[in-house]
Amino acid sequence: MKVTDVLVHCLENEGVEYVFGIVGTEILDLAKSLSKSTQIQYVNVRHEQGAAFMADVYGRLSNKVGVCLSTLGPGATNLLTGITSAQLDHSPVVALIGQAGMERHHKESHQYIDIVKMFEPATKWSAQINESQTTPVVIRKAFKIAKMEKPGSVTITLPENFATQMIAEMALPVTPLPESVPVTETIEAAINLIKKKLKPFVIVGNGVIRQEAVLELLTFIESLQSPVTHSFMAKGVLPKEHPLNFYTFGFKENDVVLPGLKEADLLIVIGFDFVEKLPKDWNKKKLPVLHIDPLPAEINEYYPVELELVGNLKKTLQLLIQAALPTKSWVPLSGLKEQIKTVYKMGPHQPGTTLPFSIETILHCLEAHTTEETIVISDVGSHKDSIARTYQPKGPNRLIISNGLASMGIAIPGAIGAKLACPHNPVICITGDGGALMNFAEIETAKRLGLSFIILVLNDSMLKLEVEQMNKKFGENDGATFQNPDFVQLAASFGVTGIRARNLEEFDHILKQSLHSLTDIILIDVVLEK
Ligand SMILES: Cc1ncc(C[n+]2csc(CCOP(=O)(O)OP(=O)(O)O)c2C)c(N)n1
Ligand SMILES: [Mg+2]
């Protein structure tokens, strides 16, 4: 069998449904083999960065590995940002990348760069197929590594000369990932540690969502009765109105939950990735930590680990619950919760009153119209911080924020990945006008695929986050404003509906109508007050 046919067979064996990419001469045989698959849909995108972002968000939502493809040289360099995003956000992604034939690797050669080396610092594993017979082993290993804790990116480079060689080997069986748990003595030590302390504070990270430990976490909190705060990427684990929900931490400014954390005598940190926020920013007092995670704790002077529970989070939390977890009923300083709600502008939307047309009032309006099913995807900018503060999703994985690489441009391709992973869920992406135009072309991909979702473009003619930061640092700003195209006309030129909202009432009405009959892509041009 031809190597690329074997490779596609291996992808099918891994349960792959979609491959996002752009072809090129060196990867044509793989594209041809993909076209023969009845299981895998090849999605021809408009920029390789979009392909990687689609695979990234698909990986975060589908419980599968997202797969993308590019050709050598410029195709590969275009993939790099999205591949790094998946790596730092711990989303399982495998990229298949074409390469020049081995006969020209040692000399100056058209479009040739060392792709393996380029991706090494941005992936968990960057490898090249150097022997055609190894294809099934390499692909199995790639998927296993991408999915293992902590999940991330893998790139597999395929030199052109191997593509058409004939091999006999077939796909290797997919075996479940091993699940380890801490030994009984360590569970007992954790219970004793919690018994000794009066005021534990629980920090929940994205690992709780990745490892599907949300129900166990809720039971754990019901027993422990101690306050909880979430990282950006873990938002939605505790319901908004849960009495122990102290919302979100990890902001540069107005991180009002921090005084509450300082009152604690033990931080129970569950599935938190330092890539979201270094401990120096939230544990200045160097409070002792009970580390609960699939991997041992990183060494960090602001993360003094008193005990580590290393293992599968779902199973580890179950063991703690069964081991007669003590109750530690306490809440931080009176009024902290109300203070957070005020500073994070979480107040309810009051229809009928004249409210400003700001990101916060828009988010209240959005929250009023979203359900447990709605998936919201944030781009990166000033709006990301507002979303992380103000918007409360109605469940885990119902707000996708990139807080690892935090690259602009993820929202529109991310919405495609989300809609393909969860075809029955309403999807809304929110993007700044800067980020929107970075991958706007993927609207054509979405339209061609017949997808339906809503795009909110926050139209303020600036890179607001940078404008704000420059104003703060220098008292003025420079080089961070621009003129926008007419987003409504631009949307129309892609054959999708564009509607302009100039005030909250208009926005409320358009959003309600759009969600009511969501059969196409609808772009809402949100013209913000400056
Ligand atoms: C690819 C990339 N380039 C630059 C940055 C730095 N950066 C972070 S936010 C931001 C501004 C985003 O502007 P916009 O998309 O309009 O959103 P706004 O801040 O206006 O809400 C910039 C330039 C980044 N995070 N990613
Ligand atoms: Mg902007």
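1. Let's start with Arg46, which comes out as partly exposed at 46% relative accessibility. Bear in mind that this is a predicted model. The side chain of Arg46 meets that of Glu444 in a salt bridge, 2.9 Å from N to O. Glu444 sits in helix α18 (residues 442-449) and Arg46 in the loop between β2 and α3 (48-62), so this pair ties together parts 398 residues apart in sequence. Glu444 is partly exposed too, at 23%.

2. Next, Arg210 and Asp273: their side chains form a salt bridge at 3.0 Å, N to O. It links helix α9 (residues 207-210) with the loop between β10 (266-270) and β11 (289-293), 63 residues apart. Both partners are buried, Arg210 at 19% and Asp273 at 1%. They also belong to a salt-bridge network with Glu149 and Lys150.

3. Now the magnesium ion (ligand 2). Its protein donors are Asp433 (OD), Asp460 (OD) and Met462 (O), at 2.1 to 2.2 Å. Asp433 is in helix α17 (residues 433-438) and Asp460 in the loop between β16 (454-459) and α19 (464-474), so the two aspartates tie together parts 27 residues apart in sequence. Both Asp433 and Asp460 are buried.

4. Have a look at helix α2 (residues 28-35) as well, where Leu30, Ala31, Ser33 and Leu34 are buried. They span an arc of only 160° around the axis, which means they share one side of α2. Lys32 and Ser35 are exposed on the face turned away from that buried side. The cover over the buried residues includes α1 (3-13) and β1 (18-21).

Key. Residues are numbered from 1 along each chain as its sequence is written. Chains are lettered from A and ligands numbered from 1 in the order in which they are written. This is a predicted model: local features need pLDDT of at least 70, side-chain atom pairs count only at pLDDT 80 or more; totals for chains, interfaces and linings use all residues. Side-chain values use heavy atoms; hydrogens and water are left out. Buried means under 20% relative accessible area, exposed over 50%, partly exposed in between (1.4 Å probe, protein chains only). Helices (H or I, at least four residues) and strands (E, at least two) are DSSP runs, numbered from the N terminus. The arc is that of the directions from the helix axis to the C-beta atoms. Contact means heavy atoms within 4.5 Å. Donors are N, O and S atoms within 2.8 Å of the metal (3.2 Å for Na, K and Ca); water is not among the atoms, so sites may look incomplete. A salt bridge is a side-chain nitrogen of Lys or Arg within 4 Å of a carboxyl oxygen of Asp or Glu.
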